[in-house]
Amino acid sequence: MDQTRLGELAEAYGADWRRWPEAEREAARALLATDLAAERLLFAERQLDAALDLAPRLEVSAALRERVVAAAPRPVTGPFASLRARWRRAGASGRSVWLSGMGVAAAVCAGLLVGEAMVVGISAGLQADSVLYLASLDAVDDTEILQ
């Protein structure tokens with residue numbers, strides 16, 4: 001256990017040992033017995049816990065709770081539930097669903113065209129290089145023919 005881990009535990013669970021995971025408690029106690037900076041860190045967390053305990057507790061009224069529950073969207077069930085939910089969000093015409101599909105199709109087509117253009121350009125250069133190389137190996141030199 002080091003100060004970083006002690007700080008993480010104190011931020012997550014507070015300064016009260018009873019809320020900490022049991023596996024971490026003994027290592028934290030051993031660190032606090034030898035490290036003054038770790039004790040200061042835990043003291044600051046104790047002060048924060050005390051301030052939070054003094055804060056007033058807010059109660060939610062039953063009417064507000066019922067309004068929030070009533071306004072929550074109902075889960076859609078069935079074999080094509082996610083597809084139906086998307087169509088409902090898109091509206092009656094479903095224009096946004098079609099437009100998003102058209103955008104994906106356009107991006108795929110553009111990628112294919114750019115890829116094809118790159119392959120043609122690269123392969124033409126490679127073909128020219130290979131022809132020149134092969135011609136230099138065994139072919140009769142043009143200067144010999146012209147003489």
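This is a predicted model: local features need pLDDT of at least 70, side-chain atom pairs count only at pLDDT 80 or more; totals for chains, interfaces and linings use all residues.
User: Why does Leu6 count as buried?

Analyst: Buried means under 20% relative accessible area, exposed means over 50%, and partly exposed is in between, with a 1.4 Å probe and protein chains only. Leu6 has 0% relative accessibility, so Leu6 counts as buried. Buried residues make up 15% of the 147 residues in the protein.

User: Which residues does Leu6 touch, not counting residues up to four places away in sequence?

Analyst: Contact means heavy atoms within 4.5 Å, and with those sequence neighbours set aside Leu6 touches Met1, Trp20, Ala28, Leu31, Leu32, Ala38 and Leu41.

User: What makes a set of residues a nonpolar core, and which residues form the largest one?

Analyst: A nonpolar core is a set of buried Ala, Val, Leu, Ile, Met, Phe, Trp, Tyr and Cys residues joined through side-chain atoms within 4.5 Å. The largest has 11 residues, namely Leu6, Leu9, Ala10, Ala15, Trp17, Trp20, Ala28, Leu31, Leu32, Ala38 and Leu42. The elements giving two or more residues to this core are α1 (3-13), α2 (22-34) and α3. In soluble globular proteins, nonpolar side chains tend to be buried together.

User: Why is the pair of Trp17 and Trp20 called tilted?

Analyst: Rings of Phe, Tyr and Trp (its six-membered ring) pair if their centres lie within 6.5 Å, and planes under 30 degrees apart count as stacked, over 60 as edge-to-face and the rest as tilted. A search of the whole structure finds one aromatic pair. The ring centres of Trp17 and Trp20 are 4.9 Å apart and their planes stand at 50 degrees, so the pair is tilted. Trp17 and Trp20 are both buried.

User: How do you know where Arg29 lies relative to Trp17?

Analyst: A charge sits over a ring if NZ of Lys or CZ of Arg is within 6 Å of the ring centre and within 35 degrees of the ring normal. Arg29 lies over the face of Trp17, at 5.0 Å from the ring centre.

User: Why do Gly14 and Asp49 count as buried?

Analyst: Gly14 lies in the loop between α1 and α2, and Gly14 counts as buried because its relative accessibility is 7%. Asp49 is placed in helix α3 (residues 36-54), and its 14% relative accessibility is why Asp49 counts as buried too.

User: How many residues apart in sequence are Gly14 and Asp49, and what does Asp49 touch?

Analyst: Gly14 and Asp49 are 35 residues apart in sequence and 6.5 Å apart in space, C-alpha to C-alpha. Leaving out residues up to four places away in sequence, Asp49 touches Gly14, Ala15, Asp16 and Arg19, while Gly14 is in contact with Leu9, Trp20 and Asp49 when its neighbours within four places are left aside.

Terms used:
Residues are numbered from 1 along each chain as its sequence is written. Side-chain values use heavy atoms; hydrogens and water are left out. Helices (H or I, at least four residues) and strands (E, at least two) are DSSP runs, numbered from the N terminus.
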